[in-house]
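Please have a look at the display below before reading on.

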Amino acid sequence: MTNNDILRRVRFVFDFDDSKMIEIFGHAGREVTRAEVSDWLKKEDDPDYRACHDPEFAAFLDGLIIEKRGKKEGVQPPVEERLNNNIIFRKLRIALNLQADDVLKIMHRAGLGLSKHELSAFFRKPGHKHYRECKDQALRGFLKGLQIDPGSPVLNN
């Protein structure tokens with residue numbers, strides 16, 4: 001999955017308009033224009049499509065955390081220069097304040113059965129012996145599970 005795919009899905013799940021997207025980027029100190037947001041949300045075959053690079057997408061995810069949970073006290077962590085599915089999944093889980101059982105229910109709605117051990121492996125440090133790379137299928141399943149039940153209490157916090 002590309003950053004643009006995930007950005008489109010998150011926008012759809014939460015029904016964010018362009019102004020809200022700009023505001024979320026702003027929470028993380030990233031100033032973006034309506035045209036940039038629009039170009040990131042276009043499909044790859046559109047001539048105006050523009051790739052959303054990792055630092056831009058990391059700023060959006062950090063802004064989403066601030067939008068949903070509030071700004072953390074003290075020094076803000078730096079925006080990641082490189083993202084992978086594990087980091088993206090972790091940031092979405094943090095933004096939505098989800099426990100393992102909540103994530104498993106969301107994944108189950110999308111037809112993906114994971115155990116708590118499999119799920120926790122996604123959130124370990126890369127050097128840990130039980131670390132597991134989060135494949136596109138798992139991240140896609142999580143996002144699909146969020147889309148399936150838009151009335152879920154998870155989305156209304």
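1. Helix 4 gives the largest share of the lining of the largest pocket, 4 residues. Helix 4 spans 54-69, and both this helix and helix 5 (85-95) supply at least two lining residues each. Helices here are DSSP runs of H or I with at least four residues, numbered from the N terminus. Please keep in mind that this is a predicted model: local features need pLDDT of at least 70, side-chain atom pairs count only at pLDDT 80 or more, and totals for chains, interfaces and linings use all residues. Residues are numbered from 1 along each chain as its sequence is written, and side-chain values use heavy atoms, leaving out hydrogens and water.

2. In all, 17 residues line this largest pocket, with D62, I65, K72, Q76 and P77 nearest its centre. By class, the lining has 7 nonpolar, 3 polar and 7 charged residues.

3. Now to a pair of helices. Helix 6 (residues 100-109) packs against helix 8 (residues 136-148) at an angle of about 85 degrees, and their axes are 7 Å apart. The two are therefore roughly perpendicular (a word used for angles of 65 to 115 degrees).

4. Which residues of helix 6 meet helix 8? They are V103, I106, M107 and R109, and their partners in helix 8 are A138, G141, F142, G145, L146 and I148. Contact means heavy atoms within 4.5 Å.

5. Finally, A35 sits in helix 3 (residues 34-41).

Methods:
On a 1 Å grid over the protein atoms alone, a cavity is a set of points where a 1.4 Å probe fits but cannot get out, and a pocket is an open set with protein on both sides within 12 Å along at least five of seven lines; lining residues have an atom within 4 Å of a point. Ala, Val, Leu, Ile, Met, Phe, Trp, Tyr, Cys and Pro count as nonpolar, Asp, Glu, Lys and Arg as charged, and the others, Gly among them, as polar. Axes are lines fitted to C-alpha atoms, for helices over the stretch in contact, and angles run from 0 to 180 degrees between N-to-C directions. Angles under 35 degrees count as roughly parallel, over 145 as roughly antiparallel, 65 to 115 as roughly perpendicular and the rest as oblique.
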